[in-house]
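Please read it alongside the model.

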Amino acid sequence: MESPLPRTKGLTPSLTSFVGRRREIDEARSRLQQSRLVSLLGPGGVGKTRLAEEIALRTARAFRDAFCWIDLAVVRDPEALPSVAAAALGVTDQSTRAVTDKILDHLRGRHMLIVVDNCEHLLDAAAAFVTTVLTGAPEVRVLATSREPLGVPGEFTYVLPPLTTPTESTGNRAADLAVFESVTLLAERTQSVVADFRTTDANADAVAQLCIQLDGIPLAIELAATRLRTLSPAQLVERLDRRFALLTGGNRTAVPRQQTLRALIDWSYELCSAPERMLWSRLSVFPGGFDLEGAESICGDDGLPQEQVMDLLDGLVSKSLVTVDRSAEPFRYSQLTTVREYGHELLGGQRIDLYRRHRDHYLERAQRYAADWFGPRQSELLSQWRTDHPNFMAALDWSLRDDTEPSASAALAVALRYHWIAGGNLSHGRTRLERILQRLPRSTPERGGVLWVTAWTALIQGDRDGAARHLAECGSIAAELEDNQLQAHHDHWAALHALFCGRTTEAIDLYEAAIAGHRARGDRAATLTALFQLAMAQTYDGRLDDALTTCAHVIDVADEHGEQWNKAYALWVSGLAYFHLGRIDDAVDAAERALRIQREFKDKICTALSIELLAWSAEAVGHTERSAALLGAAEAVWRRLGTSVAAFGPHITNDSAHWKQRSQQTLGPKKYARLSTQPARLTIEQAVDTALGTPAEQSATTAPGASPLTRREVEVAELVARGLSNREIADQLVISHRTVDGHVEHILGKLGVGSRTQVVAWVHARAAGTAPASG
């Protein structure tokens with residue numbers, strides 16, 4: 001016999017479909033089994049109410065008396081809450097007893113779920129009501145929605161993230177976007193007003209940009225969908241800088257505060273104290289994530305003491321106006337774009353001073369990182385540069401608009417030189433460096449510094465003529481100022497220019513002069529870089545034994561100081577020399593050692609060069625199919641970097657062309673094209689895995705029940721199962737905690753799970769021989 005429908009009160013079922021959120025529903029329901037009170041937390045418009053509705057409907061059959069819905073959105077007086085709750089519960093006792101007593105009498109002996117929606121503006125009253133119910137009605141469970149926790153003992157909180165959004169703003173195809181919840185929601189809601197709307201390859205980038213810029217917030221996406229009646233996705237993206245005026249309307253029956261995006265944020269603003277509002281507005285200076293040090297340094301002053309920033313930030317986090325990324329140390333914080341733009345409008349006259357403090361803070365940070373570059377922290381520093389990339393770019397761009405201190409932008413751009421080169425941000429750096437040169441006065445040390453850094457980026461991009469012009473001016477300034485330090489940098493990058501033009505003998509002479517200059521002032525980082533580049537010049541000058549000797553010296557010095565970046569390049573150059581000596585096994589070993597370092601560094605240049613060398617070596621010993629795959633992987637890395645092997649001079653270009661031609665002739669054009677074609681979005685990690693043979697070890701035909709994880713990932717998963725944190729795992733395996741973060745992310749993705757608890761279950765099932773390959 002079919003069971004009757006659950007008995008529900010106070011809920012008007014939604015007329016629209018429910019999109020995505022499978023993982024969130026499972027997580028919240030799991031927590032509801034563990035605790036009698038679960039609070040769904042998140043910013044306005046993120047979908048807390050809609051998720052609570054879905055959980056209640058799906059969970060209703062588990063409760064004998066189903067569920068009841070209590071909506072507090074329209075309640076303004078805290079004292080009115082019990083009466084509203086009584087009405088929702090159907091309590092009709094007309095006696096003079098206290099309302100809460102009547103509610104408890106009604107709930108005693110009942111087995112049900114109570115959903116208390118929109119608690120944030122009545123926190124104390126809601127907490128008191130929930131505590132009373134949980135104490136007096138032992139078989140009742142409560143699901144609350146709020147922008148901050150109720151603070152009731154035993155409360156489990158679940159922070160609801162925005163819908164998943166595309167990872168790339170360009171180069172998208174419609175088929176690739178189908179997996180993202182925000183895209184699905186936008187399409188479904190738009191079809192309700194434009195029946196024939198579809199996501200196509202033609203509008204895919206605009207759809208992706210729309211979802212990204214709206215932060216995956218369901219309410220914002222639904223409001224945007226109504227605008228697609230009269231605007232195309234591309235037109236709407238162009239107008240999003242006026243989002244508070246644009247995103248209005250929507251569902252006429254919605255609570256007033258949910259009818260427009262501005263009204264929604266106004267509601268949050270009213271819930272904040274004056275100091276919280278001040279911090280909210282000041283945090284808008286950060287274009288993306290930030291750490292506590294940055295927030296205190298930039299946002300704190302006489303009007304908002306630094307020592308108060310942490311507590312105020314905690315208040316904004318609790319109100320879901322700031323999100324916390326706990327995956328790394330130190331924790332990072334961010335605001336949704338809509339929240340940040342609202343705060344930015346409130347800055348007023350503080351704006352210029354705040355942006356100057358932001359610039360000065362990140363200038364000091366960049367200079368500190370550059371000073372610490374030579375040593376064992378290089379991988380960590382590169383990661384920190386990448387993490388703070390939006391802040392560095394914002395600081396540079398603001399400096400370029402501020403004509404009062406051109407030297408500050410010059411100092412910041414030079415301090416970021418390893419971020420431009422090793423971090424793979426050539427185009428970001430070159431564009432800004434050239435703009436800075438247009439503003440700097442002639443014949444100054446600051447201009448000289450920007451000139452050689454610009455020349456370095458130009459050379460890696462393959463622009464030898466542009467590099468030559470900058471180097472000529474740099475040399476003139478060095479001579480005019482009699483600046484030996486600047487002269488050493490000029491000689492260094494003039495040597496690289498000569499090498500990339502094929503003039504190896506000239507390059508060797510210039511490198512020897514530069515190395516002497518770097519050593520004279522104790523610049524060990526620049527010295528080591530010039531030395532491995534000297535070894536490349538020696539290799540293509542036919543002085544192979546000299547090249548190996550130079551590389552061995554670089555590696556010895558690097559090992560002495562825990563330095564890895566120059567060491568990786570020295571390994572690659574030594575492999576190049578071994579290859580030209582015909583010592584293929586030694587060449588392969590050196591290139592693979594360089595690539596293992598790149599697992600941490602993700603330096604696209606060294607990665608591509610090392611994979612190229614492995615491809616040549618594979619072809620040289622008759623492994624033509626592997627050579628084709630490796631050449632394709634190298635080409636994919638070059639594309640991501642925005643340059644090619646041709647930038648590195650005629651000698652290496654001829655080597656690459658020769659071995660590629662041999663591979664194509666052996667396989668034929670069609671087979672070569674098939675084997676060398678790599679996924680359009682091949683990551684650096686995947687390219688390194690391809691070169692080091694990791695996919696082959698896993699096998700494309702994994703047997704049912706076999707582990708989808710690499711050996712290292714299995715090792716990390718087992719440590720997770722033992723209860724170790726990411727930092728503890730890093731300490732035990734002697735790797736960086738950021739590497740562990742990446743392993744854990746890959747493990748969750750490969751297993752198709754959403755929590756560490758599920759990883760633990762998988763490890764235990766695997767030990768018992770019952771684990772599925774994933775899911």
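A search of the whole structure, a predicted model, finds 20 aromatic pairs. Rings of Phe, Tyr and Trp (its six-membered ring) count as a pair if their centres lie within 6.5 Å; planes under 30 degrees apart are stacked, over 60 edge-to-face, and the rest tilted. Local features need pLDDT of at least 70 and side-chain atom pairs 80 or more, while totals for chains, interfaces and linings use all residues. Residues are numbered from 1 along each chain as its sequence is written, and side-chain values use heavy atoms, with hydrogens and water left out.

**Aromatic contacts**
- Tyr-418 and Trp-565 pair edge-to-face, at 5.8 Å centre to centre and 80° between the planes.
- This pair links distant parts of the chain, 147 residues apart: Tyr-418 is in helix H21 (residues 417–421) and Trp-565 in helix H29 (residues 565–580).
- Helices (H or I, at least four residues) and strands (E, at least two) are DSSP runs, numbered from the N terminus.
- Both Tyr-418 and Trp-565 are buried (under 20% relative accessible area, 1.4 Å probe, protein chains only).
- One aromatic cluster includes Tyr-418, Trp-565, Trp-493 and Phe-532.

**Charge over a ring**
- The charged end of Arg-277 sits over the ring of Tyr-269, 4.5 Å from its centre (the cut-offs are NZ of Lys or CZ of Arg within 6 Å of the ring centre and within 35 degrees of the ring normal).

**Strands**
- Three strands make an open antiparallel sheet in the order E7-E9-E8; pairing requires at least two DSSP bridges between two strands.
- E7 (290–291) and E8 (323–325) are edge strands with a single partner each, so one side of each lacks a neighbour in the sheet.
- E7 is joined to E9 (residues 332–334) by two bridges, and Phe-290 stands opposite Tyr-333 in E9.

Conventions
Buried < 20%, exposed > 50% of the residue type's maximum accessible area, 1.4 Å probe, protein only.
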